[in-house]
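Please examine the sequence together with the three-dimensional structure shown here. The paragraphs that follow lead through selected parts of it, step by step.

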Amino acid sequence: MSGRDLFCQPRRARHGAALTLVFTSVLAAGAATGSLPASEPETAAAPAGTTAVALRHEDVARAAAEAMADGTSPVEAAERAVSRSGDRWGAVYSRGEYEELEEALDGRYTGVGLSARRERDGRIEVTGVRSGSPAADAGVRAGDRLRAVDGERVDGRPVTEVVALLRGDALERPAGTAVRLGLERGTRAWTETVRRARLSTNPVTVRTLAGGVTVVRVASFTKGVGDQVRAAVGQVPDGTGVVLDLRGNCGGLVAEAVTAASVFLDGGLVATYDVDGDQRVLHAEAGGDTARPLVALVDGGTMSAAELLTGALQDRGRAVVLGSRTFGKGSVQMPSRLPGGSVAELTVGHYRTPSGRGVDGAGITPDLEVDPAGPAALERARTVLRGLGR
């Protein structure tokens, strides 16, 4: 699984090996990510004390308030309460962390500009360095091994935790603060100190393969991405096949994923979801391109809103899904402010694909399973598109 220091930050790194999503499950500034449409944030709310979810939120808030009264950390107390609840996707964010997440939804982030993945042996490898970023200016290259962050060894840790260490916190470790990177390249090992910077994302990129196939890569569903996908596809000649590359897409705003689905669907169901037992639906807009050959390329890093989009295209017979099984995060979270300004999220429901398949814990199984890494996957996608075109 791979990650980058812009979005895929989990809840606080002290959670150990627990793997959680960053903003794929965060409701920021009233806009839902991971499962709910941004136009309906109020639907997740329930009168205090009337539902099991509301009661769990009350328990977490009470733990935070008691910790403040005792002079201990309300964030840590809330985290323990969430852990006791058994909520797999429950999370607690400090005020600074939550501010970072809100900014990430706008396509801005604080980081050093590198992406990484964990190898089978647990080592963390740098997979990309953003041009002009602090990491690039320091000479970090793709292929380097990241051994430590601020003296903390990172071998064997989930890559999302490593990302959290790199990004820092909007209040405690904002842009301009230093971070020490322990690096290794071949036989050389060294430490490089860089300063975090305010960076912007480029979530939608387009390139053309030999033979005229266009690859539209969507790295995340931040604000405006749905319209960016529409614009990118609109520039592709009629009848030309498109590969929608969702590999490593850790999710984002579901409203943006629904807009992206509308590019390829002529209305109809995208997904259903429940909020504390109350069933709701998500529909595509009418007028999408339903004739263009389409392949969706996914992997184990395809999560949440990206899985919702993949499931809709697959169930509606609109795309051939190629790659490996997706991550399997299909739950809905609801946020609440805690004493001290931190934010807690608890799971309130789950979403399903148009055919009724649950995604949480199961993921999306591709129509054609191939190794999603490297150029072979794109070559296979091009072969499939040629068949679809005929």
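Two strands are said to pair if DSSP finds at least two bridges between them. Strands (E, at least two residues) and helices (H or I, at least four) are DSSP runs, numbered from the N terminus. The model is predicted, and local features need pLDDT of at least 70, side-chain atom pairs count only at pLDDT 80 or more, while totals for chains, interfaces and linings use all residues. Residues are numbered from 1 along each chain as its sequence is written, and side-chain values use heavy atoms, with hydrogens and water left out.

The account begins with strand β6, which comprises residues 145-149. Strand β7 (residues 152-153) runs antiparallel to β6 and is joined to it by two bridges; within β7, R153 is the bridge partner of A148. Two residues lie between β6 and β7, which form a hairpin, and D150 in the turn has a positive phi of about 50°.

Strand β6 also pairs with β8 (residues 178-185), in the antiparallel sense and over four bridges. There, L146 has L183 of β8 as its bridge partner. A further antiparallel neighbour is β5 (residues 124-129), joined to β6 by two bridges, and E125 has R145 in β6 as its bridge partner.

How covered is strand β6? Four of its five residues are buried, where buried means under 20% relative accessible area, exposed over 50%, and partly exposed in between (1.4 Å probe, protein chains only).

Elsewhere, E379 belongs to helix α9 (residues 375-389). E379 is partly exposed because its relative accessible area is 33%. Between E379 and L209, the C-alpha to C-alpha distance is 9.1 Å, although 170 residues separate them in sequence.
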